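Visitor: Hi! Please show me around this one, and take it slowly.

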Amino acid sequence: MAKLSKAELDALVEEAVVDAYGDDEQLSGFHVMIDEHLALPFQTTVLGVEVTVKKIDLLPGSGVVAICARGSHRQAIGILDLPLPAPPPEGSEWIEAYRHWGR
């Protein structure tokens, strides 16, 4: 995926937070956009271990998280801390927009 310009990121941010008042509603807007657009499931590597990203969630105090699975184990990892595979899954531009919003 090509690096998005500041104008492209700003446009995605605007789309995610339209009609949102305050940080909590804006965060919810990003959760919805990432959840709707990020192609799931996908494989990635976390701390040298291959995991499957099964779903996206919004956890109090943690923000938008990826629910990663390996066998019967599950772990929530902050979406901004999640290493993406190369090439990244479709819809990962929404993660970059979320990062841009939170800068």
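**Strands, helices and rings**

Visitor: Which residue takes a positive phi in the hairpin of β2 and β3?
Guide: That is G61, with a phi near 80 degrees, and the hairpin has three residues between its strands. Strands (E, at least two residues) and helices (H or I, at least four) are DSSP runs, numbered from the N terminus. This is a predicted model, in which local features need pLDDT of at least 70 and side-chain atom pairs need 80 or more, while totals for chains, interfaces and linings use all residues. Residues are numbered from 1 along each chain as its sequence is written, and side-chain values use heavy atoms, leaving out hydrogens and water.

Visitor: How many bridges join β2 to β3?
Guide: Seven, and the two strands run antiparallel. Two strands pair if DSSP finds at least two bridges between them. As an example to look for, K55 stands opposite I67 in β3.

Visitor: And what about β1 and β2, how many bridges there?
Guide: Five, again in the antiparallel sense, with β2 covering residues 49-59. T45 faces E50 in β2, and Q43 has T52 as its bridge partner in that strand.

Visitor: What sits between β1 and β2 in their hairpin?
Guide: Two residues, and L47 in that turn has a positive phi of about 50 degrees.

Visitor: In what order do the strands line up?
Guide: There are four, in the order β1-β2-β3-β4, and they make an open antiparallel sheet.

Visitor: Which strands stand at the edges?
Guide: β1 (42-46) and β4 (73-78) do. Each has a single partner strand, so one side of each is left without a neighbour in the sheet.

Visitor: New topic! How many aromatic pairs are there?
Guide: Three. Rings of Phe, Tyr and Trp (its six-membered ring) pair if their centres lie within 6.5 Å; planes under 30 degrees apart are stacked, over 60 edge-to-face, and the rest tilted.

Visitor: How are the rings of F30 and Y98 placed?
Guide: Their centres are 5.5 Å apart and their planes meet at 40 degrees, so the pair is tilted. F30 belongs to helix α2 and Y98 to helix α3 (residues 93-101), so to speak two distant parts of the chain, 68 residues apart.

Visitor: Are those two buried or exposed?
Guide: Both F30 and Y98 are buried. Buried means under 20% relative accessible area, exposed over 50%, and partly exposed in between (1.4 Å probe, protein chains only). For F30 the value is 0%.

Visitor: How far apart are the ring centres of F30 and W101?
Guide: They are 5.1 Å apart, and the planes are at 40 degrees, so this pair is tilted as well. W101 lies in helix α3, 71 residues from F30. W101 is partly exposed, at 24%. Together, F30, Y98 and W101 form one aromatic cluster.

Visitor: Now α1. Which of its residues are buried?
Guide: L9, L12, V13, A16 and V17. They cover an arc of only 120 degrees around the axis, which puts them on the same side of α1. The arc is that of the directions from the helix axis to the C-beta atoms.

Visitor: Why would residues a few places apart point the same way?
Guide: An α-helix has 3.6 residues a turn, so residues three or four places apart do.

Visitor: What is exposed on the other side of α1?
Guide: A7 and E14 are.

Visitor: And which residue takes a positive phi just after α1?
Guide: D19 does, at about 65 degrees.
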